[in-house]
Structure formats: C-alpha cells, structure tokens
Amino acid sequence: MPAEALAISSDDDDDPALSNGTKHLAVKRPKTEFTVINLAKKVGTEELLIRSAKMYQEYMKQIPIPAQRGSVISFTSWSGLAKSMKQLYRQPLHYLTNVRVKEWDRMRGDEAIEPLDTVIHPCKAETNIWLMEEVHRLTASHQFLAKLWSADPMYNASIDSVFPQL
C-alpha cells in the first residue's frame with residue numbers, strides 16, 4: 001500500500017541560532033488557513049461583543065435613576081460609595097461609572113489617609129455619581145462599549161452582576 005506523500009519544511013528557516021541548531025520538520029500548510037481562522041474568530045468575537053454591548057446598554061437605559069435618596073452614606077473612597085449605593089438602591093451602576101470611580105480612587109493615590117466623606121459632602125458625592133450614571137445610561141454608544149470591552153480582557157469585573165450573563 002503506497003504511503004501518502006507530505007511536503008515538509010523546516011520551521012526555523014535554516015537559522016542555526018534557533019534551538020540547538022537542528023532542523024524541526026513539520027507538515028507544510030498554507031499560512032492563509034490560519035489567518036482565515038483567526039480572522040473568523042476575531043470577527044465572531046467582535047460581533048458577540050457588539051451584540052452584548054447593545055443588550056447591556058438597552059438594559060441599563062430601562063433602569064430609572066432613584067428620585068429620592070435613602071440616607072447620607074459615609075464613605076472613605078469613591079468605590080466604597082459606589083458599592084454602598086448599589087446595595088442601598090438595589091440596582092447596578094453602569095460599566096463606565098464603575099470604571100470612572102476606580103479611576104477617581106487611583107487619582108487620590110495610595111497615601112490618601114483622610115476619608116473622602118470629610119473632603120466632599122456625602123450628598124454631593126452621591127449626586128455626582130448619579131448624574132454621571134444618568135449620562136452613561138442614556139447616552140453611551142454600544143459600539144463604544146464594545147470597543148472598550150475588546151481592549152480590556154477583564155471588562156466583566158466592572159459590570160455589576162445584576163446584569164444577566166450572556
């Protein structure tokens with residue numbers, strides 16, 4: 001029974017500097033095959049992100065901003081205030097709002113010893129977050145969100161768990 005002939009080539013393109021100088025033999029395959037597969041995966045992932053971002057943005061638009069505030073929330077950081085607001089009002093904050101409050105905490109630096117509620121009145125700080133939240137919920141583009149998400153492999157960490165998993 002005749003054996004099937006395979007075209008072989010060297011993986012290291014005759015470069016003796018690679019490995020220990022020996023040539024590794026491999027089956028020669030067209031490089032376009034891998035390019036097409038990778039491109040298809042990338043396009044599929046981008047389409048999935050765009051659909052997910054659209055669903056997320058539509059969901060967030062439906063959640064009303066609380067009209068009445070529950071109480072004065074004491075806090076030491078912006079992230080702490082945001083977490084307390086989520087618990088008190090039983091609703092998620094937008095991905096962009098979560099990202100922004102984390103940035104505000106980083107801007108304060110690690111040596112920020114003074115609790116934030118002694119620097120900014122708690123009512124003003126909470127109002128500031130709700131105003132920002134309203135802008136994000138009502139005006140953020142799902143394409144923009146998908147672009148941000150594709151650049152951040154850990155974007156799920158900034159999406160509150162109240163949003164159903166896609």
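User: Which residues of helix α4 are called buried, and what makes them so?

Analyst: In this predicted model, the buried residues of α4 are Pro122, Ala125, Glu126, Ile129, Trp130, Met132, Glu133, His136 and Arg137. A residue is called buried because its relative accessible area is under 20%.

User: What span would be expected of α4, and what does the model show?

Analyst: Helix α4 runs over residues 122-139, 18 residues in total, and from its first C-alpha to its last it reaches 26 Å, close to the expected 26 Å at 1.5 Å a residue.

User: Why are α3 and α4 called oblique to each other?

Analyst: The axes of α3 (residues 95-108) and α4 cross at roughly 140 degrees and come within 9 Å. Angles over 145 degrees count as roughly antiparallel and those from 65 to 115 as roughly perpendicular, and the pair is therefore oblique. Their crossing is right-handed.

User: Which residues meet where α3 and α4 are in contact?

Analyst: On the α3 side they are Leu96, Thr97, Arg100, Val101 and Trp104, which meet Asn128, Ile129, Met132, Glu133 and His136 in α4. Among these, Ile129, Met132, Glu133 and His136 also belong to the buried residues of α4.

Key. Residues are numbered from 1 along each chain as its sequence is written. This is a predicted model: local features need pLDDT of at least 70, side-chain atom pairs count only at pLDDT 80 or more; totals for chains, interfaces and linings use all residues. Side-chain values use heavy atoms; hydrogens and water are left out. Helices (H or I, at least four residues) and strands (E, at least two) are DSSP runs, numbered from the N terminus. The expected span of a helix is 1.5 Å times one less than its number of residues. Buried means under 20% relative accessible area, exposed over 50%, partly exposed in between (1.4 Å probe, protein chains only). Axes are lines fitted to C-alpha atoms, for helices over the stretch in contact, and angles run from 0 to 180 degrees between N-to-C directions. Angles under 35 degrees count as roughly parallel, over 145 as roughly antiparallel, 65 to 115 as roughly perpendicular and the rest as oblique. A crossing is left-handed if the near helix is turned anticlockwise from the far one by less than a right angle, and right-handed if clockwise. Contact means heavy atoms within 4.5 Å.
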